[in-house]
Amino acid sequence: RALAMYLGQEEELIEELERKFGPEPSPDAVHTPRAKREDPARFDRSAEPNAIPQSMVPALAQMCRSVDVSERVHATMLLRKLLMADEPPAFAIVSESLANAFADHLDSPDSDELRFEAAWALCLLAFTSAPHGDLQ
């Protein structure tokens with residue numbers, strides 16, 4: 001009888017828990033070690049901005065300053081995607097002095113893609129950092 005009561009209230013319990021604590025993490029997130037979840041190589045162009053952990057900003061900042069052009073492109077692209085998230089980590093990105101790194105990438109003769117990603121990231125950073133008034 002208790003089991004029947006429990007099973008009948010399972011959906012209500014799940015809804016209440018999700019209201020209080022957010023949705024249940026995906027099975028991948030639960031069983032994947034944190035280090036692997038936060039490996040920048042795990043995320044590519046198709047990654048959703050909100051799926052990229054904001055805690056990766058320091059590691060991406062290091063990659064942004066790498067001598068390897070492909071690492072700089074990848075890090076800049078992921079940082080640009082983070083700036084497109086619902087709650088972009090603009091303060092963390094500014095704190096890591098990444099605006100300067102993005103500006104340096106604009107002058108890079110190494111890669112058109114790097115310059116493109118850096119320009120886009122700078123635009124998003126300026127947009128998310130600027131105070132916004134009411135748009136009427």
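Modeller: Start with helix 5, where the buried residues are Arg72, Val73, His74, Ala75, Thr76, Met77, Leu78, Leu79, Arg80, Lys81 and Leu82. Keep in mind that this is a predicted model.

Biologist: What does that say about helix 5 as a whole?
Modeller: Buried means under 20% relative accessible area. Eleven of the 14 residues of helix 5 are buried, so the rest of the structure largely encloses it.

Biologist: And what covers those buried residues of helix 5?
Modeller: The cover includes helix 4 (57–64), helix 6 (90–95), helix 7 (98–106) and helix 8 (112–129).

Biologist: How do I check the span of helix 5?
Modeller: Compare the end-to-end C-alpha distance with what 1.5 Å a residue would give. Helix 5, residues 69–82, reaches 20 Å, close to the 20 Å expected.

Biologist: Which residues have the most contacts inside the largest nonpolar core?
Modeller: That core has 24 residues, and the ones with the most contacts inside it are Ile52, Leu60, Leu78, Leu79, Ile93, Leu98 and Phe102. Helices 4, 5, 6, 7 and 8 are the elements giving it two or more residues. Take Leu60: leaving aside neighbours within four places in sequence, Leu60 touches Pro40, Ala75, Leu78, Leu79 and Leu82.

Biologist: At what angle do helix 5 and helix 8 cross?
Modeller: Their axes cross at roughly 25 degrees and come within 9 Å. Angles under 35 degrees count as roughly parallel, so helix 5 is roughly parallel to helix 8. The crossing is left-handed.

Biologist: Which residues meet there?
Modeller: From helix 5, Arg72, Val73, Thr76, Met77 and Arg80 meet a set in helix 8 that includes Glu113, Trp120 and Leu124.

Definitions and conventions: Residues numbered from 1 in each chain as written. Predicted model: local features only at pLDDT ≥ 70, side-chain atom pairs only at ≥ 80, totals over all residues. Heavy atoms only, no water. Helix = DSSP H or I, 4+ residues; strand = E, 2+ residues; numbered from the N terminus. Expected span 1.5 Å × (residues − 1). Buried < 20%, exposed > 50% of the residue type's maximum accessible area, 1.4 Å probe, protein only. Contact = heavy atoms within 4.5 Å. Core = buried A, V, L, I, M, F, W, Y, C linked by side-chain atoms within 4.5 Å. Axes fitted to C-alpha atoms, helices over the stretch in contact; angles between N-to-C directions. Parallel < 35°, antiparallel > 145°, perpendicular 65-115°, else oblique. Left-handed = near helix turned anticlockwise from the far one by under 90°.
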